[in-house]
Amino acid sequence: MDITIREIESKDYTSVTAIWRDVLGFLSVTDENVAKTYRKMKNDSRYNTFVADVDNTVVGFVTTVETLAVDYPNGYMKVNGLAVLPAFQHCGIGKMLMERVEKQASERKISMIGLASGFQRTDAHKFYEHLGYQKLSFWFRKKI
């Protein structure tokens, strides 16, 4: 299997939408809001999305944002989403996507990567811990 990790292109939006919905369960994600959001993100170097391409088919993605924090003077990178289609899980694709994020963080002199993962995603938690990520806190949110 030939796997390529590359930056997202507009032709990938529909595939990424399907993965957001089907793998991560975000049913409110639509082709329209994905395209609109990625067009905005494309013009801001703090945002990046990489896709895993197998034989010209997008089978996974990771999307990040670089942000500032007082306790991390060079900022940190937050993973906003990572998903791989079930048929391609356990093939090293998630690891390859995260390695690409770590490489970019290193290139930008960023010393920390953070992410949130839903309580129910216990397999994902094991995956992140296997890659060396520590479970340190709960993440809270409030819709406004």
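Strand names here, like helix names, follow DSSP runs numbered from the N terminus (helices are H or I with at least four residues, strands are E with at least two). This is a predicted model, in which local features need pLDDT of at least 70 and side-chain atom pairs count only at pLDDT 80 or more, while totals for chains, interfaces and linings use all residues. Residues are numbered from 1 along each chain as its sequence is written, and side-chain values use heavy atoms, with hydrogens and water left out.

Next, pick Gly60, which stands opposite Val84 in S4. S3 and S4 run antiparallel and are joined by 9 bridges; two strands count as paired if DSSP finds at least two bridges between them. Between the two strands of this hairpin, S3 and S4, there are 2 residues.

Now show the whole sheet. It is open, with 5 strands in the order S1-S2-S3-S4-S5 and mixed pairing. The edges are S1 (3-7) and S5 (113-115), each pairing on one side only. On average, neighbouring strands are turned by 30 degrees against each other, direction ignored; the axes are lines fitted to C-alpha atoms, for helices over the stretch in contact, and angles run from 0 to 180 degrees between N-to-C directions.

Move to S4 and S5, which pair in the parallel sense over 3 bridges. Lys78 stands opposite Gly114 in S5. Follow the chain from S4 through H3 to S5: this β-α-β crossover is right-handed, meaning that with the strands pointing away from the viewer, the path from the first strand over the helix to the second runs clockwise.

Return to S3 and select Thr64. Is Thr64 buried or exposed? Thr64 counts as buried because its relative accessibility is 1%, and buried means under 20% relative accessible area, exposed over 50%, partly exposed in between (1.4 Å probe, protein chains only). Beyond its neighbours within four places in sequence, Thr64 is in contact (heavy atoms within 4.5 Å) with residues including Arg46, Tyr47, Met77, Val101 and Gln104.

For the largest nonpolar core, select Val62, Val79, Leu82, Ile93, Leu97 and Ile113, the residues with the most contacts among its 20. A nonpolar core is a set of buried Ala, Val, Leu, Ile, Met, Phe, Trp, Tyr and Cys residues joined through side-chain atoms within 4.5 Å. S2 (47-54), S3 (57-69), S4 (72-84), H3 (93-107) and H4 (122-130) each supply at least two residues of this core, and H3 gives the most, with 5 residues. Ile113 touches Met77, Val79, Val101, Glu102, Ala105 and Tyr133, residues up to four places away in sequence not counted. A second, separate core has 15 residues, among them Leu24, Tyr38, Val51 and Val58.

The last stop is His125 in helix H4. His125 has a relative accessible area of 16%, so it is buried. Its side chain makes a polar contact of 3.3 Å with the side chain of Ser117; such a contact is a pair of N or O atoms within 3.5 Å, where within protein one must be able to donate a hydrogen and the other to accept it, and residues adjacent in sequence count only if both atoms are side-chain atoms. A polar atom of the His125 side chain lies 2.8 Å from the backbone oxygen of Gly118.
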